[in-house]
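Morning, everyone. I have one structure to go through today, and I will keep it short.

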Amino acid sequence: MLSEAGKKEIKELLKRYPTKRSALLSALHVLQREHGYLPKEGMVDVAEILELAPVHVLEAATFYTLYNLQPIGKYLIQVCHTLSCGLMGANSLILYLQDKLGIKMGETTPDGMFSLKAVECLASCGTAPMMQINDDYYENLTNEKVDQILSDLRTRGKSPLASGPFKVPVNGDADAVKRGNLILFKNMMTPDYSGSLKDYEKQGGYQTIRKMFKEHTPQAVIDIVKKSGLRGRGGAGFPTGTKWDFIPKDQNLTKYLCCNADESEPGTFKDRQLIDRDPHQIIEGIIIACFAIGAHTAYIYIRGEFAFGAKVLEQALAEAYRAGYLGKNILGSGFDLEVYVHRGAGAYICGEETALLESIEGKRGLPRVKPPFPATHGLYGKPTVVNNIETLSNLPHILTRGADWFTAIGSPPKSTGTRLFCVSGHVKRPGNYEVPMGITFRELIYDYAGGVLNDRKLKAFIPGGASAAFFTEQHLDVKLDFDLVAQAGSMLGSGGVTIMDDTTCMVWAALSLMNFFHHESCGKCTPCREGSGWLFKILQRIENGEGQEEDLSLMPKLCGNIAGRTVCAFGDAEVAPVLSTLKYFREEYEKHIREKRCPFQKEGRLMSVGH
Ligand SMILES: Cc1cc2nc3c(=O)[nH]c(=O)nc-3n(C[C@H](O)[C@H](O)[C@H](O)COP(=O)(O)O)c2cc1C
Ligand code: SF4
Ligand code: FES
């Protein structure tokens, strides 16, 4: 069932890992590429090569949403229907596609050309509405564009409208003054910068590690990063240097670095930009982090949907190996480092650090109970650091320009440097904005991103991805600072800022996110697995005009039985949209119940597809 070439490719992949099972996700990608789905006989072949029981292969195949267990159309159209896309017309796009193709979600056209599926956030929220067809993204869609794409695929097999490197506007693109502050986006804003090794070196790239190997000990690097105050940009905001210092110093222990490029938090699309447009900045950051913690192997865990980004990274790694920046005895320093790309296969939860480790080990992405923490018992039971792509991208700059330079930017002492904020939803200039920490949400939304679309009134915004509690107009003067946002009742999280105008139904917004959380719950713990479904159903009935007065007291009770009672922080995250919309928009919930209908009919009903 697997071709000889496929078998050979999988055997090559085995070299990347200490255990054969780790190659499972990649092996299934190879099998699916050959057949369009995972035939049973092919899964048995994979099991044989990896020396696994077939059930272990099936276990993974049924967990990750990118794997098709049945044959599907030649082109799989996946339309994002999570909040930012929903705000920008995903529902109409779905209806249009259904109409145009004559099929419903989950179906395939009779000629076997197209299958249609609604999916959760694909990290294109600033270019909504969007869809992915096979490996290609199509963004900023209109009905006319959809017509052209379908016709191109039918006649030519590909469409020029497919996105290349992610091109969401950076800092408004036209605003040169604000560009002056750029650090992480500086290279990619240089005219003709392609992200190649040559271009990166022209900007001074890889000079930092040359200096580091000559002048610093690993502990000195840790101390500089600690002094810089850099905190993780993946969501939790943990101090990076402190995390590194937890790693045992014993030289004889095997240690790992895992780079978190899973970027699946709704509203977040910054790591994709760093990967597509400046991969060597990330690789130099990886080398610095590995040198500091004494790791000689790093894995970049990239979400399965980022097929383009995975290729960019593979190419950049090959360039770095050829130039002697990776491999044995890097630049004559005596330091060895191997870096591999590991593709996920569609599971939001794999962004949680311990689920990510399980996934690299070739298992279902179920978070581990902590303690023990990855610093002592991580990948393959060895000391491991997991760091976000943006966190790592900061390292070459901190090492070159010093900790004091970094602490002078932003909102010291605890929110230093710049941060990438992804602004999407009802906003005039959606995009990625690199701003010094400490500016206010008002400045970010109105000065940088141009204000609310069509000059409407701001109703609510999410300050840090779907897991963060909603804010309202009263929070516009809160500063983009980890602690100040927490004090105001939410979190900076992943940096995804979603704007909602006064036409948005808050019950629908909470329902949209609960749809996401219910779909993405890994199912390991009962409160989250069951609770997310119950909350989804209650919100759905309120939105459908079938809610009851008691629902308003039932929901907080349910939330209280989820938050703080689960294996991972997903439990706390999923209650945030419900509790915060209930807090700030209770009268809107009451109106739905009293009038037995949604007062914002024009938003359309959320499609309960995907369950
Ligand atoms: C449900 C869940 C999803 C997460 N998703 C991501 C993600 O997509 N990307 C990421 O970098 N961190 C994500 N995190 C945070 C990681 O667990 C971890 O804290 C982070 O990768 C550490 O890197 P940092 O210290 O550089 O931020 C997620 C956490 C949870 C609980
Ligand atoms: S809280 Fe949810 S996502 Fe996290 S382990 Fe439990 S079931 Fe899985
Ligand atoms: S890409 Fe659709 S919400 Fe993020």
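This is a predicted model: local features need pLDDT of at least 70, side-chain atom pairs count only at pLDDT 80 or more; totals for chains, interfaces and linings use all residues.

Four strands form an open sheet in the order 7-6-5-8, and the pairing is parallel. At the edges sit strand 7, residues 338–343, and strand 8, residues 384–388, each of which pairs on one side only. On average, neighbouring strands in this sheet are turned by 20 degrees against each other, with direction ignored. Helix 15, residues 307–322, packs on the sheet and touches strand 6 and strand 7. The direction of helix 15 makes about 165 degrees with that of strand 7.

Further in, strand 5, residues 256–261, is joined to strand 6, residues 297–302, by six bridges. One residue pair to look at: Ala261 has Ile302 of strand 6 as its bridge partner.

Now ligand 1. Its surroundings hold 22 residues, and the closest are Gly232, Gly234, Gly351, Asn388 and Thr391. Strand 8, with three residues, gives the largest share of that shell. By type, the shell has seven nonpolar, nine polar and six charged residues.

Last, ligand 2. Here 14 residues surround the ligand, with Cys522, Cys525, Cys528, Thr566 and Cys568 the closest. Helix 22, 526–543, and helix 24, 570–584, supply at least two shell residues each. This shell divides into eight nonpolar, four polar and two charged residues.

Terms used
Residues are numbered from 1 along each chain as its sequence is written. Chains are lettered from A and ligands numbered from 1 in the order in which they are written. A residue is near a molecule or strand if its C-beta atom, placed from the backbone, lies within 6 Å of it. Ala, Val, Leu, Ile, Met, Phe, Trp, Tyr, Cys and Pro count as nonpolar, Asp, Glu, Lys and Arg as charged, and the others, Gly among them, as polar. Two strands pair if DSSP finds at least two bridges between them. Axes are lines fitted to C-alpha atoms, for helices over the stretch in contact, and angles run from 0 to 180 degrees between N-to-C directions. Two residues are in contact if their C-beta atoms, placed from the backbone, lie within 7 Å.
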